[in-house]
Amino acid sequence: MRGLKNLILEYDALDKVGKRVRAETEISKLKKVFSKDNIRKYIKKKSIAKICFLVLTGYEIRFGFKQTLELVEEKSYECRRIAWMMIVIYLNTYPECKLDFVPNLKKNLLNNTFPESANLALLAIASICTPQLVNSMASTIVDIAFQTILDDSTRKIALLTLSCMYQTSQQLYIIEHAGPRIAPLMKSRSVGVALSSSVLALTIVKLNDSSITDNIQTAALEAIVSILLNNEFKKEYDYKGFPSPFLLSNLFRILSYRRIYEDAEIEKMDAIVNKLLDLFSASFHQNKFNSLLMIFNDAFKVFVKIPDLKLEPYKRIITTLGLHLTSYSFCLECLFFLVETHPCFVTYFSDFITSLIKISKEGYHPLDSNALNLLFLVTTRENYQKVSAEMIPYIQTCPESIRESICKKIATIIQSFSSDKKYARENLLKIVEYGGQYSECIWGMVAQALLDDKENYKSVVEELIKLSKFNPRVPGPMTKILSHILGISCPISPSDAVNSLAHNFVFHRPSTQSSIVSSLTKITMQYPSVRTAVIGYLNGWLNTSYTTVLQRIKESLAVLTLNNVPQLKLSAPSHYVDTTINFRKDLPKAENIVFDDQGIEICADTKIDVNNSTAVSNLVVKNRLPKDLKIKKCDSICDKHITAEGAISKNDNVVRSGSFLVVRINFHIKGPFSTNPQMEMRFSGKKVCRFQVPVSIVSFCWPFDLTMNQFGDNWGKTKSKKLTAVSYLIVPDGDVITSIKEMSKKVNLSVVKREGDDGIVCASGYYKTSKGRTIGILAKFSFNENEMTLKCEVHTVKKKATSVAMTMIKKAFSYM
């Protein structure tokens, strides 16, 4: 159909807008075509094919159904195929629509003149398979599947259709009428019919447990005996000399659901095992091995459930594959598959460890990681030292693409099997040394192993310091290990520890630098005597170009410059070295900066007069550019409850190069607000600066007194409406609970009196919206001293109101 081909080519060549226009144009043309009474068969077929394409592309089309049902009745196979495709696409796209095509289905299924019609109808049923369709068509399809006078192709499709129908509805009719009749079909001389019936049988066995499934499983065993032992299947269905591998695989899957075997059946299974092994050893061919491997996987799941079955002969398979390891890469794939799915075979690999090490190191099969994977999979407590001794030196020369994987695997087996701490310590450090940056994935494992070796802890730290001191070649993970250990427990002089870490800072990557900064912070909190030296180092590193490192430095300076911080509270998070913690307190000099870009820096110094409800903000505009700047305009965008006043004098609007200019803005606060004023300054040269003015919210609501019982009742009622909760990591500088109560009073939240002091503060208040509505606020503050987290929960009766209240509370409390 040239028209459909042209439509697809044109559509694919267009952009998103063009595709939509082209599709809408084509839909309009199709509507005109279907509005006519007499449509030629070819035009009808071509138009319905176009509708199929447009619906699959995502456009909604709900016409052409009458013409589709007419096309089903045509004698042409192509017409019928496109019509059934349209029905399947339409019903799967619009399942809610009711299209009465069941009469057409039955008519096509019983059409003996054109057997292809029945095949198309069966495929359509399998693709749609709604419960209603299953109920109306199940009996008809069961009759077709088991009628011997019909063509085998029709019977195969009918059996597969029944399988789809049973998965969808699990209808009892299919079990009662198809289940008892499946057994003979699995031994059919037609492999296609036998394979299709095995698919239906497997579906029934999976989803049903009754006497019928027992009969099916017995028939499956008899079919396996017939194929493997009695050679009753035609030779043309063999694959590389192996009889019907896909059918055998399905039959073994059916048997995997069987629980009890009689003595006679166990004898048959023994014979089947030996036959499989004989076939396996008869000739060495890759395709034959792959077929056998598929069957072996399904067969083994059956064999392991039979306790009296002998599994020793399977060693013959592994021995045969092992002899050809260096010749055929697929042998590695087979062995890896066997051990990964059936770990009990690991004991058979003791003779092949040397060969696997040789293959892994000398690269018999380029770009194939199966040798390495298999080697580490079969490593045990008896041979791990041999593997480690060979593979650790190989880390230095192995391809970079697998170096990280080898480091991780060797470290894992040493950690898993070694009970000698000295052996583990020495070899883990060798892995880090040889792996360099590729050992980044194991530094935490190595650090923990060193910490656990308490007897040699101090000597190990001294050795690490000696190794890393002034040595730019020391791997980053090694320095990260040292940082982690010294941050947890410093067994040497604190000043030596600080100097050792600081002198290696410039030689490492950002992740290691962040660990060094974190470790220095933790050492300082344990030993205040090094505080001055650490702050000096941190200030010297502020010019770093790495954002993550700069953030960590600022966090540490903010922590170290606070007064009276309890040591235990700071060191509570044990994962501090590895996690970026965003403290809400920044460096003092950066607190008032609201804009810093394009050579322009703007600082805002805002003071609020609570009594007069006004705020005055002095904006200090600094010019770091080589030429003067002229402020052309300064606009503000404020909340409804805030108005801004301020003008720039025409005679005093130039910011000299290297100097600054102060712009004063007055804000009048008329009511509660949740968004800080937005400012926009326009300069000469088309420079535009947009920023927020930090107007601290001091009084945003009015107090509302509640008893604890009233608070609890209201809290329960509002919780179902909307729950907002945020948690912050804080560094407290006093009694947190007392400070929360004081700040609550300052912002007119009434603190609810409660018995005891369990780290929770409840408060209530209300505020008025811009439309004059009164909204109540319930707030609950919870402080976890161990984790240094402050959690704030806010309840109101409206979703939007809760978000506004949370925003105001976050801006009012200094902790947030």
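Which residues in α22 meet which residues in α23? In this predicted model, K421, R425, L428, L429 and V432 of α22 meet V446, A449, L450 and D452 of α23. By class, this contact comprises six nonpolar, no polar and three charged residues. Helix α22 spans residues 421-435 and helix α23 residues 443-452, and the two pack with their axes 10 Å apart at an angle of about 150 degrees. Angles over 145 degrees count as roughly antiparallel, and α22 and α23 are therefore roughly antiparallel to each other. The crossing of α22 past α23 is left-handed.

The crossing of α4 and α5 is left-handed. On the α4 side, the contact is made by F65, T68, L69, L71 and V72, and on the α5 side by C79, R80, A83, W84, M86, I87 and Y90. The residues of the contact between α4 and α5 divide into ten nonpolar, one polar and one charged.

The strands considered here belong to an open sheet of four strands, arranged in the order β8-β6-β10-β11 with antiparallel pairing. Strands β8 (654-655) and β11 (688-692) stand at the edges, each with a single partner strand, so one side of each is left without a neighbour in the sheet. Strand β10 (residues 678-683) pairs with β11 in the antiparallel sense over five bridges. Within this pairing, R682 stands opposite V688 in β11.

Technical notes. Residues numbered from 1 in each chain as written. Predicted model: local features only at pLDDT ≥ 70, side-chain atom pairs only at ≥ 80, totals over all residues. Heavy atoms only, no water. Pairing = 2+ DSSP bridges. Axes fitted to C-alpha atoms, helices over the stretch in contact; angles between N-to-C directions. Parallel < 35°, antiparallel > 145°, perpendicular 65-115°, else oblique. Left-handed = near helix turned anticlockwise from the far one by under 90°. Contact = heavy atoms within 4.5 Å. Nonpolar A, V, L, I, M, F, W, Y, C, P; charged D, E, K, R; others polar.
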